[in-house]
Amino acid sequence: MAKESSVLIYGTNLGGYRAAYALCKKGHKVILLNRGSYVDDIRNQTLSQLPLDFCWMCGHFPQRLFKALGCVQDFYNAELLEVSGQAGDFTVKFKTKPQVVNNFICTECDECIEVCPEVVGDRKAIYVHPEIGWENIYLIDWENCTKCGKCEEVCPTDALKLERSEEVQEVKVAAIILALEYNDPTIEDLKNFSFGKSPSIVKNSEIARNSLLTNFVKDSVKLPSGKIPQNFAVVVTPHFNNHGTEYESYNLSVSAAYRGVRLKEILPESDVTIFLKDYRGFGKRHYRWYKKALDAGVHIEKVDDIKASPKNKEEVNLQYEKDGKSHEKTVEYTILINGQKSPNLMKDMSEICGVKADENGFCNIKPFSCSETDVDGIFAVGEFTGPKGNPEAIWEGCATLTESLKYLGETNFKPPAPPSLRNVDVEEKKIGVFICSCFGTFNDKMDLNDLKETVEAIPDVSHAEIIKGCCTPPSIKETAELIKKSGVNRVVLAVCTPIQKLLKFRKTVMMAGLNPLLSEFLRLREDVINVHKDKVKMLEKSLTLIKAAVAKTKKSVQNPTLKESFTPHALVIGAGLSGLTCASEIADNGFQVTLIEKNENLGGNEKYFDKQQKEYLDKLISKVKDNQNIKVYQKAELKRMSGYAGNFYGAILSEKKEIPIDVGVIVLATGAKEHKPKEFLYGEDQRVITQTELQNNLNGKKIGNQVVMIQCVGSKNDEHPYCSRVCCNQALKNALSLKETGSEVTILYRDMTNYGKENYYQKALDSGVKFIRFEDNKYPEVKKNADALEVIKSDGEKIKVDLVVLSTGIEPDEENNRNLSNLLGYPMDKDGFFDSDVNVYPYEESIKRLFKPYEWATNCIYPVGLAHSPRAFEESILTARDIAGRALILLGKKMLPAPNAMYIAEVKDALCMGCGICVDVCAYSARAIDIEKKIAVVHPFLCDSCGSCVSVCPNDASYLRDFMSNQTISTLDALLA
């Protein structure tokens, strides 16, 4: 029986959106079920904004594009009802109720708001939310709506329907992805912190949402009286809450540090104190935020317990325990950095889909899988499977692509071919100006007929016309026909904001048979109608803007969309866990992979793995060796590499022979190594060992009566200013094993940076493991006293021990990484690991490389696993499958167009002197110097048309196709005339 090809995604967390994007790019249709009535109606979706104050809304742009192309079919107010069948052939029944306002055909004219008679505070019963850049969503306050119907009557496109009936639909899909949003702790859950009892006690997520997208401002913390507080407490609540009430995600400690830093930036004289048990900042660059907070003057108190209660209307009393003593502090504002609860819908999903919950109430995932549940073909991503942060949630999207492909049939989506465009080079220039009336709504606000008649008198205008619109499917088609009929070959559209409608405007021009480079779009609504009342001045301003657009369009030149070849071959450097995983996933989908390993054996850091992990790795090695699509070179290294994304060419050195290689993507899986300490008598006394050495000696027998473990050896210091991520959990697991044999275990630590669903810290406490904290720079000493071994604490107390176990960190193979960095022109971070797209913005896996397709973010060189940063076993697999998914999106395409079609930068060969400045500033590695011609060249499918090259070119040789220098000058001349 043939497999289905579509995938259903229930819920809209970040992982779900990333998965939808990847599936569509790979050629599979997606049915997207949003449980709310609009994007982020269900909280903690894409507008989570944490840990930094930005919205992640750019992650939703692909939804609109793919919906327009027909790849995504989205439903709102959706509820999953029934799932039957099996992987590759599921039948899914769901209930949905369409949005009151269909924002896909809404023109955002605000006529519904203007006509609404019901005033609620400073808004109407129908209002816009959220007021952000990419699209406005119109909502109705049903408590105050009288259902008079005036809004529905005035809607020019019939986008608004007050009464929409529920529908039950049934679809056939190959796979199901559960991307349900996590739940915030309730007022009851946060009662120890008096949440909900005072306006001076708020959640950090509310601060983030009030921060005007990426700009944290004073008003975000303003009290009801209008006062700006000067005394703040930032409390990480899961550290002090009842066990199981909320779970600590990846973000919380760094969120606290970030909030403290930002408060000090906008309120330098303020007093800011962060309260937590341990600073659990285990992500890439997280510990730098800790240091940054201290340097900014933020106080960080590591306490045992804390409670908050209102002191008066605008003050909060904090009572906390530290080192066995009670303390009190009064602040004006308390910000709660809260965790996440286990999902409320887990029970329902178990009944409907058959998926199982783990012991903490999150969705269970198969061992060593990134997202597949206990039911074949049903996947779960994001916080539905456990507490995590944005990086992991997003990585799971592409990782799910790699894991789900085995269940999917042939691709069932292909973007429609663009319309044929006529060549107008031989034609006399004829410019047409088309003035949008927004379905008649502009006519009452300004005299469009007067504007049309005035525009017709502009010397270079051959035709002027008023149109209904060009943002709904019928109006796009109608306007395209009017452009055709007019006979013009250049177009000015006086419309509304092109931020979310740009592709619609370009489509209109292309449907008329014209290259969109021969067009210009004006914001008639935003720049004129919405900001002016005087009709005479509105006419004058409109006319000036149109004259400038006409002048620019007159100089426009048509150019085709350029395509470039892409080599369907991958190079993986390093055959450890991550490299093997990535190579296997790519090869399993039919693409050639060259895998090189500098050592004699495959497997990398196998000695650090437990028995189950080693068994998994051994099977993976056998699978890779047996795969006909993988060519493995051992004791080999990369000798040289040139070229660019999609077209790398170079050579590897194997057995003293140079082997040429051409590849499209390069995966850096070079791994890392264990830090080998030079202190604590390590290497001098056999009773001082590392956690790895202890793990390999654990056999159920008692090793020593008194065992002391010392944490952060080789991590979070000047040499390695990062958390090594795995040490604390490893220490806790080993401590539990030692306790089972009867040993007494004491752990000396700075911060217990344990994380994940399983709370080994609590288990260790319950088992009797002792924990003693030491200050950041006051490590204990290890000395011999005759034959005895002593650990001397910073307060001078001595502990006689049988065994000292050092929790050593992970450090990069910096020499090897630097050699590869130089060969590939790929950067390293400050810690010696490879940098990546995740650091373009100052936090991991920010989607803020605006509008750049995810798979291009590192220009086809991808660090994975320990080459990227310290990772646990399963996390290394996750990064590898994420990168495999990104690579698979590209490897199947022999020819690739520029991401912005014909909108790219180019070079005037006659003016270019090959100085290379443009190459240095290009953020996308889209430019290079042609060695033979000694001039700059552009690789089109890497160019993002940002214009940096244009701004630095000293000879005017670099230009954007849609904004050439002669166009700029003509535009300015027209504006100033």
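This is a predicted model: local features need pLDDT of at least 70, side-chain atom pairs count only at pLDDT 80 or more; totals for chains, interfaces and linings use all residues.
Let me begin with K227, which forms a salt bridge with E332, the closest N and O atoms lying 2.5 Å apart; by salt bridge I mean a side-chain nitrogen of Lys or Arg within 4 Å of a carboxyl oxygen of Asp or Glu. K227 sits in the loop between α5 (204–209) and β13 (231–236), and E332 in the loop between β18 (325–331) and β19 (333–337), so this pair ties together parts that are 105 residues apart in sequence. Helices (H or I, at least four residues) and strands (E, at least two) are DSSP runs, numbered from the N terminus.

Residues are numbered from 1 along each chain as its sequence is written, and side-chain values use heavy atoms, with hydrogens and water left out.

Are the two partners buried or exposed? E332 is buried, with a relative accessible area of 12%, whereas K227, at 38%, counts as partly exposed; here buried means under 20% relative accessible area, exposed over 50%, and partly exposed in between (1.4 Å probe, protein chains only).

A second pair is K329 with D271, where the closest N and O atoms are 3.5 Å apart. K329 lies in strand β18 and D271 in strand β14 (residues 271–276), so parts 58 residues apart in sequence are tied together. The structure holds 57 salt bridges.

Now to helix α16 (residues 611–626), whose 16 residues should span 22 Å at 1.5 Å a residue, and whose end C-alpha atoms are 23 Å apart, which agrees; the expected span is 1.5 Å times one less than the number of residues. Which residues of α16 are buried? They are Q613, Y616, L617, L620, I621 and V624, and they cover an arc of only 140° around the axis, which puts them on the same side of α16. That arc is taken from the directions from the helix axis to the C-beta atoms. The face turned away from this buried side carries the exposed residues K611, K619, K625 and D626.

What covers the buried residues of α16 includes α15 (577–588), β27 (592–597), β28 (630–634) and α21 (873–891). Finally, at the start of α16, a side-chain oxygen of D610 reaches to within 3.2 Å of the backbone nitrogen of Q612.

Notes: Contact means heavy atoms within 4.5 Å. A polar contact is a pair of N or O atoms within 3.5 Å; within protein, one must be able to donate a hydrogen and the other to accept it, and residues adjacent in sequence count only if both atoms are side-chain atoms.
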